[in-house]
Amino acid sequence: LFDGAPYDRRLFDPALYEAHVHADDTVTSFCLRHATPLHAATLSLFLQLVAEHCGAKLLRLKGLVDVVESPGRPAVMHGVQHVFHPPAWLDAWPDEDHSTRIVVISRGLDAQWLQDILEALDDEVKTCSTS
């Protein structure tokens, strides 16, 4: 379930969100991608950072996330501004694409900056989990 409705995989088609600028030129949407599973700690840190430091600019965030600790069961994330709902877990991937896809609709957030933060957090958590 996603927002109380059946999951619609079209919501996470990255082609729909690649650096799209909306009609009023202040709202943009983009899709962050990550090819390998993320640790739950990475996801938690990323969402905390977004909520605390970017919430005022975040109109909506939805994500289908491949989590290391839950193989084969993607987490569905949803947030608006500073509020994030607990993840919902799908029983299986809805399609052949098992990569993490996080759709962001915002006023003034930079896609590359958020992608870099996600990658840096992932690298740090991987380093800490192997020590």
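K126 counts as partly exposed, its relative accessibility being 33%; partly exposed lies between buried (under 20% relative accessible area) and exposed (over 50%), as found with a 1.4 Å probe on protein chains only. D122, by contrast, counts as buried, at 1% relative accessibility. The side chains of these two residues, K126 and D122, meet in a salt bridge, with 3.2 Å from N to O. The term salt bridge denotes a side-chain nitrogen of Lys or Arg within 4 Å of a carboxyl oxygen of Asp or Glu.

K126 and D122 are separated by about one helical turn, because they lie four residues apart in helix α2 (residues 111-130). Helices (H or I, at least four residues) and strands (E, at least two) are DSSP runs, numbered from the N terminus.

## Basis of the model

The model is predicted: local features need pLDDT of at least 70 and side-chain atom pairs count only at pLDDT 80 or more, whereas totals for chains, interfaces and linings use all residues. Residues are numbered from 1 along each chain as its sequence is written, and side-chain values use heavy atoms, with hydrogens and water left out.

## Strand β7 and its partners

Strand β7 (residues 100-106) is largely enclosed by the rest of the structure, because six of its seven residues are buried. Two strands pair if DSSP finds at least two bridges between them. Strand β2 (residues 28-34) is joined to β7 by seven bridges, and the two run antiparallel. Strand β3 (residues 58-65) also runs antiparallel to β7, with six bridges joining them.

R101 in β7 has a place in both pairings. R33 stands opposite R101, and R101 is also the bridge partner of L64.

How many salt bridges does the structure hold? There are five salt bridges in the structure. In one of them, R33 pairs with D97, and the closest N and O atoms are 2.9 Å apart. This pair links distant parts of the chain, 64 residues apart: R33 belongs to strand β2, while D97 lies in the loop between β6 (88-89) and β7. R33 is partly exposed, with a relative accessible area of 30%, and D97 is partly exposed as well, with 27%.

Another salt bridge joins the side chains of D95 and R101, at 3.5 Å from N to O. Are these two residues, D95 and R101, buried or exposed? Both are buried.
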